[in-house]
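Work through the exercises below with the coordinates open. Each task is followed by a solution in steps.

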Amino acid sequence: MQWRSVLLGLLLLRLALQALLALLPALAPGLCLRRRFPFPFPPPPGAAGSSHWGSLLWRDGDGGGAATAGGDEYERRYSGAFPPQLRARLRDAARGMFVFSYDSYMQHAFPRDELDPLHCRGRGPDRRDPSNLNINDVLGNYSLTLIDALDTLAVMGNSSEFQKAVKLVIDTVSFDKDSTVQVFEATIRVLGSLLSAHIIITDTKQPFGDMTIKDYDNELLHMAHDLAVRLLPAFENTKTGIPYPRVNLKKGVPPDSHNETCTAGAGSLLVEFGILSRLLGDSTFEWVARRAVKALWSLRSNNTGLLGNVVNIQTGHWVGKQSGLGAGSDSFYEYLLKSYILFGEKEDLEMFNDAYRNIQNHLRRGREACNEGEGDPPLYVNVNMFTGQLMNTWIDSLQAFFPGLQVLIGDVEDAICLHAFYYAIWKRYGALPERYNWQLQAPDVPFYPLRPELVESTYLLYQATKNPFYLHVGMDILQSLEKYTKAKCGYATLHHVVEKTKEDRMESFFLSETCKYLYLLFDEENPVHKSGNKYMFTTEGHIVSVDERFRNSLWQDILPGEEDGAEKIKPNELKAVNFSSNCNRVPDERRYLLPLKSNYMRQIDRMVGLI
């Protein structure tokens, strides 16, 4: 009986310690506690309802120590130099992927918005069903895919096709259409691409080859201006300054328009609107976009500093209280940082630093360090914006952009771990499901619409570390796309990542982002890397030069003052969360080793059911 008493005592001690850990945030809310597990009481392995995440804490040897024989397999597969001949073939394969898709669109779909790659035909707005927002939010009857692909043609050095495509856009595209589109989608896909192409055409250095257009008279800039003017009614008649989510390009805001919008949709317009304002010398567009960002920022929780994902634009009430890094929130954080990079406005960085600190304090789970210590690997979960409590056990594929954003602020080590988690999911399915349940180790929403976020983060991590591991990741992604998504006339959405069934749709971001990032990953000599110019990618992957003309505005203060109800941003200590010192945290001797120790890679692979 003595052993039973000892066992009972140990169990009671464990429960008491876990209860104390669970109570700590409530007892000391000011402490920045980074919780190790998503649940306060992870069940023992094999128990009903136990999650793989929780059970990892019970495995000896998985949270540190020397690599095992299994780790050697990772080292043999991923470490070491990447042959330049293989890299050149993969670069050409990525270009071929784009060319096949672009040529198929031009042959079978232009001037419609998208290509149906299974039936080799074009697709436009769904006029029969205005409620089909999945289609109508994006397709505006303005040759979307052609416009979205313009700067990819330039980045790949195809000057003749770039010039031809620009002339087609100028001659055939009009925004005077009875189309109701989402303001966010029209901004990042169309407005952003027009501005990017205009900047490429007018660049006196012409780093991508001769991309000039004979007798070019700023037509793309004028088209961007015309489109932006048609989007401006979304910012009118809103009590908060947060725009309506949709607008009719001819008639303005529809009379039956909803008063609810997502944080990312309303707060991710500043880069494109700011560029337009600074090119035109007209503060209007940047003013309305900044007012929307400031309005959203003023609505963050007083307790956690977090924002929700859906808000009422008239009342400022949070309809969706989920705070996460995926759909509905993602690009809001991205554009706080990228607006600072591009425009140099100090308050954009201040807001981003505050947001990043709050994300680390409330959304991050797992061990403190990526490459050392015990416990679960870092993961960012969805929580209640007011309490910081876990809301669900899924993450979505859009969140795979976040490691790339972390690279931009120098938090490379944390980016390595989060990227490894998404790559493990890719390895399991050959794609990223739209939603993945990390507790059930299964997709919640199983389709994959050719999204670029994992490729984007892979590319940026390679640029930061020059570690050949990320070339292997890119090769895996490219091979999966060829194997599972290639269709008769392009590349198709995967309807189900397990069954590998296809849907008849190829979204325009496959050309503007997925193919572009894959190509740049393998093209070491590309002018993006070698010209000496500084570039930034928009959230749609459009390339923009970072130069002084965007850091100088012709106006002193374009932001609404306190009398307009906007909150004044108080200066903060920037170095607190800028993580600039982390840029050197990846030692040179690790350049040709795994970016993540093999035992930690194996831990992540086990978490997603790979082993």
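The crossing of α16 and α18 is left-handed (the near helix is turned anticlockwise from the far one by less than a right angle; clockwise would be right-handed). The model is predicted, with local features needing pLDDT of at least 70 and side-chain atom pairs counted only at pLDDT 80 or more, while totals for chains, interfaces and linings use all residues. Residues are numbered from 1 along each chain as its sequence is written, and side-chain values use heavy atoms, without hydrogens and water.

**Exercise 1.** Describe how α16 and α18 pack.

Step 1. Locate the elements: α16 spans residues 402-409 and α18 spans residues 453-465. Helices are DSSP runs of H or I with at least four residues, strands are runs of E with at least two, and both are numbered from the N terminus.

Step 2. Take the geometry: the two axes come within 7 Å and cross at roughly 30 degrees. Axes are lines fitted to C-alpha atoms, for helices over the stretch in contact, and angles run from 0 to 180 degrees between N-to-C directions.

Step 3. Classify: α16 and α18 are therefore roughly parallel to each other (under 35 degrees; over 145 is roughly antiparallel, 65 to 115 roughly perpendicular, and the rest oblique).

Step 4. List the contact (heavy atoms within 4.5 Å): Phe402, Pro403, Gly404 and Val407 of α16 meet Ser457, Leu460, Leu461 and Ala464 of α18. By class, this contact has six nonpolar, two polar and no charged residues. Ala, Val, Leu, Ile, Met, Phe, Trp, Tyr, Cys and Pro count as nonpolar, Asp, Glu, Lys and Arg as charged, and the others, Gly among them, as polar.

**Exercise 2.** Which residues does the UniProt annotation "active site" cover?

Step 1. The unreviewed UniProt entry gives Glu185, Asp330, Glu434 and Glu453. Such annotations may be inferred rather than shown by experiment.

Step 2. Glu185 is found in helix α9 (residues 183-202).

**Exercise 3.** Find the backbone exceptions.

Step 1. Most residues other than glycine have a negative phi, and most peptide bonds are trans.

Step 2. The bond from Phe110 to Pro111 is cis, with omega near 15 degrees. Pro111 lies in the loop between α4 (84-108) and β1 (114-116).

Step 3. Asn141, not a glycine, has a positive phi of about 65 degrees. Asn141 sits in the loop between α5 (133-136) and α6 (144-148).
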